[in-house]
Every structure is written in structure tokens, then in C-alpha cells.
Amino acid sequence: MDLSRKWLNEFVDLPLSEVDDRSFAEAMSVSGSKVEVTEDLSERIKNIVVGRIVKLEKHPNSDHMLVVLVDVGEGEPRQICTGAWNVHVGDLVPTALHNALLPNGTKIMRGKLRGVKSDGMLCSLKELGMTTHDFPYAVIKPAALLNDYHPLDPAKPSISADIKAGDKIFGKVVAAAVKAIAPAGVNLWDTVLDIGESDVESVFDCQNLHEGDLVAYDTAKNRVLTPEDLRAKQEEFPNCITDGILILHEDCKPGDDVGVLLGMDDHVVEFEITPNRPDCLCMIGLARETAVTFNKPLKLHEPVVKAEAGGDISDCAKIVIEDPLCVRYTARMVKNVKIAPSPAWMRERIRNAGMRPINNIVDITNYVMLEYGQPMHAFDFACVKDGEIHVRCAREGETIQTLDGTARQLSTNMLCICDTEKPVGVAGVMGGANSEIVGDTGMVLFESANFNGASIRRTATSLGMRTDASGRYEKGLDPQNTWPAVQRACELIELLGAGEVVPGVIDVLSEPLKETTLKLEPDRINALLGTDVSEAQMRDILERLGFTLEGDIIHVPSWRADVEHYSDIAEEVARFYGYNEIPIQFAGGQTTAGGYSERQQLERRIGQCCRSMGLDEIITYSFISPSYYDKIRWAPDDPRRDSLRILNPLGEDTSIMRTTVLPSMLEILTRNYNYRNKEACLYEIGRIYLKRPDGMADEPRIVSLGAYGEKIDFFVLKGWVEAILKDLGAARPRFTAEKANPSYHPGRCAKVWVGDVCVGVLGQIHPLTALNYGVDAAFYCAELSFDALDAVKGARPVYKPLPRYPSVTRDISVVCAASVPVGEMVDCILADGGEYLTDCRLFDVYTGGRIAGGMKSVAFSLTIRSDDQTLTDAHAEETVAKVLKALGEKFGAVMR
Amino acid sequence: MKELMQNLREASLRAIAESESPESVEALRIRYLGKKGELTAILHQMGKLSPEERPVMGQLANQLRSEIEQAIELRKTMLGKLMLEKKLETEAVDVTMPGVEQPSGHKHPMYNVLDQIKDIFIGMGYEIVDGPEVELSEYNFTKLNIDESHPSRDWTDTFYFDEDARVCLRTQTSPMQVHAMETKPLPIRMIAPGRVYRKDEVDATHSPMFHQIEGMVIDKGITMADLKATLNLVVEQIYGAGTRTRFRPHHFPFTEPSCELDIACHKCGGKGCPTCKGEGWIEVLGAGMVHPKVLAGCGIDPDVYSGWAFGMGLERLAMGEYKITDLRLIFENDVRFLEQF
């Protein structure tokens with residue numbers, strides 16, 4: 001919402017000299033109306049003044065430029081060159097002086113144009129950042145000047161170069177010379193034309209006529225013809241164009257600041273209004289907040305309508321609410337409407353509020369919306385069949401062409417304004433083209449209605465057309481506001497002379513309006529805020545905001561539908577007592593222990609362990625594309641593909657909730673690989689989302705590891721997994737070869753177990769999986785279940801006495817079939833090595849050479865120790881014998 | 001004989017002083033003091049002396065022996081020291097050569113910041129609460145006093161899993177307020193950080209998945225003054241002691257009164273600059289007193305208990321902390337980015 005400080009002064013006496021922009025923004029922001037930004041409009045336009053043209057002659061070195069002398073209120077006129085032909089001696093024109101700034105950021109400097117001094121520039125409408133909506137009288141209609149004729153083919157001119165006054169051009173059209181010309185009103189000139197044998201005197205509306213010009217004159221219609229009338233191309237009359245200098249018809253004199261004239265002597269404040277305060281989306285609402293914030297009186301005006309046309313609205317119009325989605329419909333009628341531009345002050349206010357002026361009727365509806373916050377609509381009543389308005393939902397198959405020219409298919413939950421047979425507007429969103437105000441509109445029905453906000457929002461959203469009106473309606477407007485708003489519109493009609501207001505108001509309610517009352521509970525409010533605000537101060541704040549109090553009953557004003565609870569009253573009090581005046585005071589209360597839960601501690605511990613091994617933490621999206629399951633080579637019927645599907649995803653790539661972290665990790669590894677990072681070692685403790693029968697998800701966490709690089713191989717990855725388990729104090733893990741996982745290399749993948757619990761899977765990514773990511777490199781990944789890690793983690797360690805007797809080591813080397821897993825051999829050794837065997841480490845695996853094909857040599861280092869004696873060689877030999885026996889029996893291994 | 005001893009003394013002490021290795025010193029010891037050594041040889045001649053001379057000479061001989069012994073020990077110690085010095089010299093390394101590289105993993109920068117916040121709250125007796133991301137609309141919206149027609153429920157804003165819009169991806173961590181109130185014993189002091197999801201296209205400041213931190217206190221006698229005191233303390237710990245704050249009225253359906261907390265722009269100190277878009281203040285978080293309707297809806301009597309809650313965005317905080325200019329970097333996980341923190 002844009003607020004003009006100039007307009008605000010009409011309601012609250014708060015000149016810029018008293019409260020500057022910064023103080024205003026600060027005070028309003030801390031009282032609840034957040035100021036986004038303030039713009040001093042005068043900064044956009046500088047050094048442009050009103051000039052009066054005192055002399056005008058042809059440029060000596062140009063066939064199309066003019067040299068003018070302009071009185072800019074300095075005594076001595078300035079000489080300026082211009083290419084526009086619509087200026088005349090006596091015209092008031094916007095004159096950019098040396099060092100002027102135009103709204104588009106252009107700077108104007110004095111200089112020379114084709115050798116002639118030009119001390120500034122005359123400005124067009126466009127150069128001032130305006131359109132003909134802002135200055136409707138600035139529409140330029142050029143005459144086709146025969147002295148500007150440039151034939152398309154110089155060999156075959158349509159008009160001969162030596163044509164003179166009185167020569168026939170075609171039909172009744174003759175060449176005519178301008179003998180004398182004098183202004184005769186806005187865009188009108190009293191002109192004497194020499195048409196050869198006689199002179200004609202008449203008033204013409206072409207702005208580019210000057211004494212001595214030769215024009216095409218239609219003797220039958222008494223008209224000076226334009227290039228368009230002659231069906232000529234623009235290049236045939238290159239200087240007879242619809243562009244030119246803005247000729248001012250305002251109350252101004254040479255030297256006046258054009259910025260002021262355009263209403264740019266204003267500061268515009270942009271507010272961020274929270275959705276609970278639609279009452280602040282207008283001048284009066286913000287003025288009320290301003291008045292309370294600065295402790296000033298609020299000056300409100302009660303509209304007065306004379307309604308001097310005869311009859312009564314009820315004689316010619318009938319309004320029926322057929323659907324309670326329309327809460328209230330208030331209407332007035334205006335007849336003998338005269339469509340015209342609205343006055344400068346209204347256009348200026350509309351412009352500074354960020355809207356575009358159109359014509360008096362449309363501008364009045366917009367002006368009232370800006371002032372009162374009540375959207376209004378004006379119907380051409382002649383187009384309302386049978387003079388009846390029915391507010392109902394659209395019927396099956398109904399369509400409407402809205403004012404923006406688009407045909408809209410309506411659905412049966414869309415509230416519409418209809419006549420007896422068809423919709424003439426989409427309620428609260430946009431009017432219909434079939435009842436649009438046009439130049440010859442005679443009777444206008446002003447609609448000032450209140451609709452159900454949610455319904456308007458649904459309609460606007462499904463039609464894809466959020467308008468100024470729907471944006472307000474959807475937040476829920478004050479149903480009491482329809483009456484004063486329609487009155488104000490009619491008052492403005494009379495003020496502008498835009499028509500005659502018909503006596504009487506039609507006001508239909510679908511249900512009686514309700515009032516909210518609350519009890520003033522000062523102690524409760526202070527207890528909630530932690531303050532000591534007096535009851536008197538609370539009452540004062542509430543009354544200034546428009547609440548009325550009877551004893552301790554608070555009557556909530558109709559525009560404050562957001563206030564429905566004592567805590568809302570507390571907020572009103574707090575806002576104007578000052579949030580920043582509320583003390584800073586700990587409540588104390590019961591002490592709570594706080595801290596991390598056991599699972600959170602576990603998560604932190606795993607993260608710490610990963611980082612200590614050099615892994616970097618990543619964060620990946622929880623949603624993936626269903627095609628990612630193909631990329632990791634899951635079978636088409638893999639049950640894990642059954643994912644929660646987002647019905648309205650941003651795109652395919654983020655359309656389902658992942659049931660595996662693998663694609664997320666592979667995506668990040670691939671990205672790093674493609675960025676030519678030599679190595680990446682990554683981890684994430686992320687969730688997967690497993691569909692539950694109730695439509696929700698189980699969201700278990702997965703510890704996801706991923707890496708590639710020169711130093712990374714299967715056993716580095718395995719080392720990480722082992723280190724994590726060891727850090728958690730888990731029992732010794734077992735690794736079993738996993739050939740069936742389609743994502744992983746069938747010979748380099750393992751499941752990791754602790755006891756009976758499968759903790760997860762690890763391995764090298766299958767080369768075909770990697771290929772699906774466009775990568776020809778070895779990626780290593782592990783997926784460990786956080787819940788499993790939690791289940792297998794060790795209890796708090798208990799101190800074991802340090803060994804008092806030395807240990808003995810024995811190395812053994814056995815030969816066995818190459819297919820025997822070393823892990824199982826270690827398990828076997830530890831299980832059957834006897835009471836003194838405390839550790840067994842693999843230190844060599846060897847094939848080839850003297851080892852027979854299909855066999856391998858495996859060497860272990862055994863640690864043998866007792867807690868109560870120094871062991872002898874005999875003990876050691878006994879242990880080795882047990883180990884060899886076991887290995888022999890179980891795996892057919894023989895000592896080498 | 002006296003003369004002999006005198007000669008031996010001079011010769012031995014000179015030889016010891018000139019010896020260059022522990023081995024040669026040892027050889028000298030044997031040569032002079034050994035069983036067949038020169039001093040012994042002299043002593044063997046004692047028998048030829050008169051009884052009066054013997055004790056005198058004996059004493060002289062003992063003196064000489066201990067003198068030589070001392071000289072030998074001294075020389076040995078000195079040679080040991082010299083040799084060590086020489087050895088150390090040969091062992092010298094180029095200390096400017098690089099050390100052996102150790103693995104060093106990095107926490108994600110955003111979680112660095114999150115951990116800092118968690119620590120602040122744990123220090124004040126708060127617990128950390130986790131909850132579901134696939135959430136019922138009832139918890140994400142309804143129980144938070146967000147009515148059926150609220151725009152945030154739109155399919156253009158929220159991701160849904162069923163046509164009835166019953167199950168969604170949570171759009172905020174605020175449903176954790178409801179979960180906590182429904183399941184935890186009073187009083188409650190908690191924060192709930194986590195992932196949230198909104199239908200925003202990815203750009204430098206938006207992501208369809210991002211993180212929030214929710215915080216809530218429910219106890220008897222909790223006031224807005226307590227909210228201010230706590231959040232001021234938190235802000236000072238994040239942004240430094242003496243950080244100026246401003247509480248500004250705002251609107252959230254589930255708190256009343258509601259506020260936003262601004263801090264004075266650290267770049268310009270509040271004068272207004274491009275960082276704070278000329279306002280002099282930077283918005284940090286939204287907060288407010290838990291709405292009595294929300295309390296009652298969770299089975300807590302608003303006449304007995306009150307509370308406050310806040311929510312803040314983690315990405316923006318981390319980006320500000322580390323001057324990260326593009327949100328996409330956070331989820332890109334380029335190791336060259338990760339290893340900076």
C-alpha cells in the first residue's frame with residue numbers, strides 16, 4: 001500500500017516539516033504499520049519549469065527543427081531548439097533547464113543543435129514519465145502538412161511539389177494555405193485558410209498548424225486532413241506525428257516548478273500491511289493508525305450527497321442477493337453521466353498511490369477505494385437487462401468477457417453479479433466488458449458491496465486474475481463500509497459535475513451484521529505483557545483507535561474483524577504503549593534441564609567421528625525424481641520404489657520423497673567430480689521417507705557416506721564404517737559379501753552386521769550406476785541405518801584391569817582355497833584359539849608363485865596372553881596347534 | 001720414584017686430554033690404571049723403598065690414581081656430549097617442509113550456525129525436539145489457528161500428498177509447537193530445528209526446501225517481557241553483546257500479540273545502507289505470545305499457563321554469518337565450499 005504524505009495531511013495534520021520520512025517510518029513501523037521504503041518523488045524530476053513560448057522561427061540549418069524563445073520567468077527568455085511542430089507562440093510548455101533531471105534518469109545539459117545554441121529542452125509527455133491517461137488533453141492530432149510531404153518514390157509524387165493554395169488534391173479536397181491562426185481554447189485554433197479563390201475561417205483541432213503551412217482541406221466537411229485521412233504512410237509526412245511537446249493547460253505561469261505541477265512534490269510511503277489488517281489498505285485506515293501513533297486528531301469527513309436528479313433509484317433498479325457469499329450490496333444510481341477526464345488533483349492522488357487515471361467515473365471508483373478501502377464498481381446501467389442485479393453463483397457453462405478483454409469460463413462456485421439473464425461482472429474481481437463504462441454511457445450504477453473473502457480469493461486464483469479489488473476482498477472487508485463509500489462516490493460525482501445522482505440508496509444485507517464485544521481486563525493484559533499499563537491509558541488507546549467503551553465492555557469497531565479475543569486487545573494496548581517500552585524481564589519459572597536427547601547425542605557423535613576421518617558434511621534435498629530409482633538400477637518392481645508422491649511438485653526432479661539416500665549422495669559426488677575436485681569424502685545424516693498406511697511417513701535417518709579419489713578404495717570405506725561402529729562401542733562387526741544389490745559392484749559390496757542386526761550396506765558403486773550419472777570413476781558409498789546403529793551401540797564402558805603379564809606373539813601362515821573368506825577364518829581363529837588367544841590380525845594374503853592355482857596363502861599374527869601368569873612357549877604352541885586344527889577342520893587349511 | 005710418578009702424571013693427563021673417543025679413553029684407563037698398567041708397575045717398585053718412604057709414596061700413588069680416574073671420567077663425559085651434539089647435527093631436518101596431512105572433515109556451515117544456536121538454548125535449559133516433515137495439515141495449519149481459506153494453504157504454496165490436502169510437507173516448524181504441547185509435560189522449554197518445504201523455485205534467495213528453528217516456552221507466568229528478555233539474550237549471543245534490538249508488531253495466526261525482532265544493521269549501525277535497504281534495521285525473527293486458542297486446542301488451560309514462541313530462518317542466518325551470497329551454494333555441496341568452514 002502506497003501512502004501519499006500530501007494526501008495524508010487531509011486526515012492528520014502531520015507536515016513533512018514536523019515529522020520527516022525517517023521518523024515517520026520508524027514510528028509507524030514500531031506501532032505496527034511496517035514501512036518498506038519511502039520515496040521523495042521530487043527526486044525523480046529536477047530543474048524543469050513552466051516556460052511560455054514568446055518567439056518561434058525555423059532553424060537555419062535544419063528543415064524540421066524550430067528555434068524558440070521561451071520565457072521561464074527570468075526576465076530574459078532562453079533560446080531552445082526543438083523538433084516538435086505542435087508548439088505555438090503563447091503556449092505554456094515544460095522546459096528542462098540546464099542540469100535538469102527527467103524521471104527516466106536522463107540529464108539535460110545546454111548545448112548546440114546544428115550549430116544553434118539550445119539552452120535546455122522542451123519536454124513531451126513521455127519524457128515526463130506520463131501518458132495521455134495522466135493528461136488526457138495532451139492527445140496530439142497532426143494535420144498532414146503538404147510542406148512536409150516526402151513522396152515514397154521521388155519520381156512519382158502523389159502531390160506535386162509545386163502545389164499551391166486552391167489546387168485540387170482529390171474530390172472535394174484542395175490545398176489550402178494557413179493565412180492567420182489564433183488560439184480558440186484547449187487544442188483549438190481559429191484559422192484563416194486561403195483556398196485559392198477565397199478564404200475560409202474556421203476552428204480546427206490540429207496542433208501543428210502555423211502561418212504559412214500548406215494543408216489538405218476537405219471543403220465538403222470543413223476539415224483539415226491528417227496523414228491518416230490521406231491514407232498516407234508516416235514516412236510520407238515524417239514530421240506530422242502524434243508525438244510532441246506537452247502543452248500545459250493548468251493553472252500555472254512561467255518559472256513554476258513542473259514537478260509540483262505534476263504532483264511530484266510529494267513523498268510516497270510504501271507499507272507492508274499484514275493480512276489481518278485490510279482496514280489499513282486505504283488512506284483512512286492508515287490515517288487512523290498515524291493519528292494514534294503521533295497522538296493527533298483524526299479528521300474524517302462525512303460525505304454529503306445532494307441527489308438532485310428526479311425520482312428514486314428503486315423506480316428503476318432492483319437488487320437481489322441470491323447467495324449469502326454476498327454479505328451486503330449497496331448501490332446508487334447516477335444519470336446524465338458526462339464521461340470526461342477527472343481533475344488534476346484527483347489524477348495526481350491516484351497516480352501517487354500507484355494507479356493510473358482513466359476517466360472521471362473509473363477514477364472516482366478507484367479514488368474511493370484508495371480513500372475508504374472499499375472496492376467499487378460502476379456498471380453502464382443501460383446494459384443491465386431489466387434493471388435487475390442478481391448476485392448469485394455462476395451457472396453451469398456460463399462465460400463472461402471481463403474488462404481486460406479475456407473470455408472467462410465460470411464455474412458454479414464463482415460468485416457473479418448478473419442481470420436477469422447473464423453475468424455482468426465477476427463479484428469482487430472484475431467487471432464484465434458487456435457493462436463497461438464507455439464514452440456514451442448515460443446511466444451508471446455504483447456497486448459498493450461486501451463479499452465473502454475466501455470465495456473471492458478462490459475465484460480470483462482459479463481465474464488467474466488477482467486485482468486491486470480481489471486483493472482487498474480476500475482479506476475480509478468491513479461490511480459497514482459499503483454505505484459511506486457509495487456516498488463518497490456520489491459526492492465526488494457531484495463535485496466533479498460528472499452526472500446527476502438519483503435520490504435513494506439500495507442496501508441489501510444477506511444477514512444481520514454482528515458486533516463483537518469484549519471485556520476490558522487490565523490485569524490480565526498486564527499479566528500477559530509483563531507490564532504495568534494503567535487502565536486509563538488502555539482506555540485512551542482503544543478509544544483513539546475507534547473502539548467504544550461502556551463500562552468495561554469494549555465494542556470492537558466493524559473494521560477490526562481481527563480483534564476477537566482479550567489477547568488481541570493486549571496487542572492493541574502493547575502497540576501504542578510501545579513494544580519497546582515493555583520491560584526486559586525474565587519470568588523465572590520452574591527450572592528445566594534441557595540438553596540433547598540420547599539419540600541426538602548419538603547423531604552428534606557419529607557426525608564427529610565422520611569429520612575426524614576427514615569426511616565433509618552435506619545437506620541434500622529430501623525429494624527426488626522417480627527416475628533416480630532407475631539411475632541406481634533398482635528393478636522396476638522393487639518395492640522400495642513405493643514412495644510418497646507430491647501431487648503438486650515444482651518439477652519431476654523434486655516430485656517424490658526419497659526412500660533411499662543413495663541418489664542424493666551420488667548426485668553430490670557427481671557434481672564434485674564434474675567440478676574436477678580431485679577427491680571428495682562426504683557424509684550426511686539424512687532422513688528417508690517410508691510410506692505408512694495412514695498416508696504419513698516413517699522418517700528413519702540414514703548415515704550416508706560417499707567418496708571418490710586416488711586414496712579411496714573399498715577398504716578405506718570399510719575402515720570408516722568400522723571406525724564408526726568402534727566409536728559407538730558396538731561389538732565386533734561382521735561383513736558378508738553382497739552380490740545382489742543392483743546399485744553396487746557385485747564383487748565389492750558388503751552387508752555389515754553386528755550380532756543379528758544388519759547395520760547397512762557399503763561398497764563400490766556399480767560401474768553401470770556410475771555410468772547412469774555420466775561418470776567413469778569409482779565411487780564408494782555406504783548406507784547405515786541410524787536406528788540400527790542406535791540398537792548396536794555399546795553400553796557405557798567398564799574399566800578392565802591392564803594386563804600384568806607380557807603377551808607372546810606367534811605368526812602363522814596357512815594355505816587354503818582362494819574362495820575362503822578371511823573374515824570367517826578370523827572368526828574361527830578367535831572362536832577356537834583357546835583361553836589365551838586375545839587377538840588375531842591378518843598381515844598377508846598371497847597368491848601365485850609357489851602357491852598352487854585356486855589356493856592362497858594367508859598369514860595371521862596371534863597375540864597370546866594370560867591375566868594370571870607369564871606364558872611359556874608350551875602355552876603358545878598349544879594355542880597355535882588349536883588354531884591350526886580349527887582352520888584345518890573348517891577350511892582345509894594347512895600350515896605352509 | 002717420585003719422579004717416575006710425576007712423569008706418569010703429566011703423560012697420562014696429557015694423553016687423556018688429547019684422547020678423542022670413549023674407546024681411546026678406556027684404553028688409556030687400562031694403560032695407566034689397569035692391573036698391568038703403568039701406575040701398577042710403579043707401585044710394584046714400592047717394595048724397594050724404605051719403611052718411612054712407603055706411606056708417603058703410597059699416598060702420592062693413591063692421589064695420582066684418583067687424579068687420573070677423575071680426568072678419565074671428565075673426558076668421557078665431555079666426549080659423550082660432543083658426540084651427541086655431532087649426532088644431533090647430522091639428524092637436523094628442514095623444519096619448513098610440510099607436516100604430514102591429517103584428515104579433517106568439516107561440518108556443513110549451516111549446521112555450524114545451528115549448533116551455535118542449540119548451545120545457546122541448551123545453556124538456558126531448553127531441550128531439542130525433532131518431528132515429522134511429512135505432516136498433517138491439521139498440525140501444520142488448523143491447530144495453529146490458520147483458517148481453511150488462508151493463502152498459505154494454497155496448492156501453489158504448499159506441497160500436498162493427497163487430493164484432500166490432508167497430508168503435506170510441513171511449511172514451517174511451528175507444528176512442533178503443537179506436538180510439544182500435546183506430548184510433553186509442563187513446563188516446556190524447547191527448540192525444534194528442521195527442514196521445511198514451500199513451493200518456491202530455486203534462485204539466489206529461495207529454495208523449495210529450507211530450514212527453520214522453532215522455539216517455545218510454556219509455563220505459568222510467562223509474559224511478553226520474558227519473551228523480550230530471552231530473545232534479546234539470544235540475539236546478543238549470536239550477534240555480539242550490546243546489539244541493539246527493536247521489537248515491531250506483526251501478525252502470525254498462532255501468536256497474539258505477535259512481533260518481529262529487528263537488529264540494528266551491523267553494516268551501517270542503523271543509519272541506513274544497501275544491506276538493510278536503507279531501513280537501518282534487519283529483520284531477524286518472528287515471535288509472539290502463544291495464542292490462547294492454540295493453547296486451548298492443545299489441551300492447555302490459557303487461564304493458568306501462558307507461553308511464547310518464535311521462528312527463524314536458518315539459511316538467511318548462516319548466509320549472514322559467513323557472508324554467503326547465494327543460497328544455492330548451501331545445497332550444492334561443492335567440497336571447495338564446504339572446506340572453507
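Start by selecting strand β7 of chain B, residues 255-264: B:P257 lies in this strand. (Helices, H or I of at least four residues, and strands, E of at least two, are DSSP runs numbered from the N terminus.) Show the backbone here, and you will find that the peptide bond from B:E256 to B:P257 is cis, with omega near -10°.

This is a predicted model, in which local features need pLDDT of at least 70 and side-chain atom pairs count only at pLDDT 80 or more, while totals for chains, interfaces and linings use all residues. Residues are numbered from 1 along each chain as its sequence is written, and chains are lettered from A and ligands numbered from 1 in the order in which they are written.

Next, select B:L186 and B:P187. A cis peptide bond joins them, with omega about -5°. B:P187 sits in the loop between α7 (175-183) and β4 (188-197) of chain B.

Now go to B:N333, in the loop between α11 (328-332) and α12 (335-338) of chain B. This residue is not a glycine, yet its phi is positive, about 60°. Is B:N333 buried or exposed? B:N333 counts as buried because it has 24 C-beta neighbours inside 10 Å. (Buried means 20 or more other C-beta atoms within 10 Å of the residue's own, exposed 12 or fewer, and partly exposed in between, with C-beta atoms placed from the backbone.)

Zoom out and colour chain B by its domain assignment, which gives domain 1 (2-90) and domain 2 (109-338); such bounds come from an automatic or database assignment. Taken over C-alpha atoms, the centres of domain 1 and domain 2 of chain B are 90 Å apart.

**The core and a helix in chain A**

Move to chain A and select A:L246, A:C416, A:A427, A:V444, A:F446, A:A489 and A:L682. These residues have the most contacts inside the largest nonpolar core, which has 271 residues. (A nonpolar core is a set of buried Ala, Val, Leu, Ile, Met, Phe, Trp, Tyr and Cys residues joined through C-beta atoms within 7 Å.) Helix α7 of chain A, residues 360-372, gives the most to this core, with eight residues. Apart from it lies another core, of 26 residues, including A:L145, A:A216, A:L230 and A:A232.

Centre the view on A:A489. Which residues does A:A489 contact, leaving aside its neighbours within four places in sequence? They are A:I364, A:T365, A:V368, A:M376 and A:F446, where contact is a C-beta to C-beta distance within 7 Å, the atoms being placed from the backbone.

Then select helix α10 of chain A, residues 482-496. Its 15 residues reach 21 Å from the first C-alpha to the last, close to the 21 Å expected at 1.5 Å a residue; the expected span is 1.5 Å times one less than the number of residues. This helix is mostly covered, with 11 of its 15 residues buried, among them A:A489, A:C490 and A:L492. The cover over the buried residues of α10(A) includes β19 (326-335), α7, β20 (376-380), β27 (444-451) and β28 (500-501) of chain A. Just after α10(A), look for A:G497, whose phi is positive, about 65°.

For another positive phi, pick A:A307, near 50° in a residue other than glycine. You will find A:A307 in the loop between α4 (283-293) and α5 (313-316) of chain A.

**Strands of chain A**

Select β6 of chain A, residues 92-101, a mostly covered strand with seven of its 10 residues buried. (Two strands pair if DSSP finds at least two bridges between them.) Strand β3(A), residues 46-58, pairs with β6(A) in the antiparallel sense over six bridges, and A:I48 has A:A96 as its bridge partner. A:A96 also stands opposite A:M121 in β10(A). Strand β7(A), residues 107-108, is joined to β6(A) by two bridges and runs antiparallel. In the hairpin of β6(A) and β7(A), which has five residues between the strands, A:G105 takes a positive phi near 95°.

For the last stop, show the open sheet of three strands in the order β1-β17-β2 of chain A, with antiparallel pairing. The edge strands, each pairing on one side only, are β1 (2-4) and β2 (34-40). Find A:S4 and its bridge partner in β17(A), A:V268.

Terms used. Contact = placed C-beta atoms within 7 Å.
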